[in-house]
Amino acid sequence: MVLLTLDSAEDLDRLTALCLVRPRPIVLALPSGDVSSLGVRAVRAGARSVVARAATVPALQRAVAATLDGEAVMPADVADLLVAGKAGRPSRRSAPSAPQVAWLRRLSKGWTVPRLASETGYSERAMYRLLQSLYQQIGVKTRLEAIILAHEQGWFED
């Protein structure tokens, strides 16, 4: 079991990378700050359970025991937001074009931005700007969020 404190987008990136490891570890996320939003994002990234970083030792012990027993533990507001499907992501403005989806697909396969720029005929700087514009267009802030959204929306399905 991994207990992972979440303070930033980089921590969410770590969580996502950790959940790609095989065999997949059991992750209990400990968000600081906005537990609801970070908790939803943590579950979507692969955390099994969510407990506020400021939780008491007995609450943390109960969550660890329950998670190891195969249960998912989280605050009720995190569960409510997951069911509603609205939290942890700003609303999207519009769907990406076919070339933009192709960029995301390549990035999800490990391509670097310089390689993507070279292959598509853009300068590296222009490619970074185009990607930032794409992230704003679909309502995300980071490359990882864009790739996760693309998978969730089925944009990579042929």
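The model is predicted: local features need pLDDT of at least 70, side-chain atom pairs count only at pLDDT 80 or more, and totals for chains, interfaces and linings use all residues. Residues are numbered from 1 along each chain as its sequence is written, and side-chain values use heavy atoms, with hydrogens and water left out.

The protein has eight helices and three strands. Both kinds of element are DSSP runs numbered from the N terminus: helices are H or I with at least four residues, and strands are E with at least two. Along the sequence the pattern reads β-α-β-α-β-α-α-α-α-α-α. The C-alpha atoms fill a box of roughly 55 × 30 × 30 Å along the principal axes. The protein exposes about 8900 Å², of which carbon and sulfur atoms supply 52%. These accessible areas come from the Shrake-Rupley method with a 1.4 Å probe; for residues, only the protein chains shown count as cover. Of the 158 residues, 36% are buried. Buried means under 20% relative accessible area, exposed over 50%, and partly exposed in between (1.4 Å probe, protein chains only).

The three strands form an open sheet in the order β1-β2-β3, with parallel pairing. Its edge strands are β1 (2-6) and β3 (49-50), each pairing on one side only. Strands count as paired if DSSP finds at least two bridges between them. Five bridges join β1 to β2 (residues 27-31) in the parallel sense. Here L3 stands opposite L28 in β2. Helix α1 (residues 9-18) packs on the sheet and touches β1 and β2; its direction makes about 155 degrees with that of β1. Helix α2 (residues 35-45) lies across β1, β2 and β3, at about 155 degrees to β2. Axes are lines fitted to C-alpha atoms, for helices over the stretch in contact, and angles run from 0 to 180 degrees between N-to-C directions. Contact means heavy atoms within 4.5 Å.

A nonpolar core is a set of buried Ala, Val, Leu, Ile, Met, Phe, Trp, Tyr and Cys residues joined through side-chain atoms within 4.5 Å. The largest has 20 residues, among which L131 and Y135 touch the most other members. Two or more residues come from each of α5, α6 (113-120), α7 (124-138) and α8 (143-153). Helix α7 gives the most, with five. Beyond its neighbours within four places in sequence, L131 contacts W103, L107, V113 and L116. A second, separate core of 12 residues includes L12, A42, A47 and V50.

Q100 is found in helix α5 (residues 98-108). Q100 counts as buried because its relative accessibility is 13%. Not counting residues up to four places away in sequence, Q100 touches L134 and Q137.
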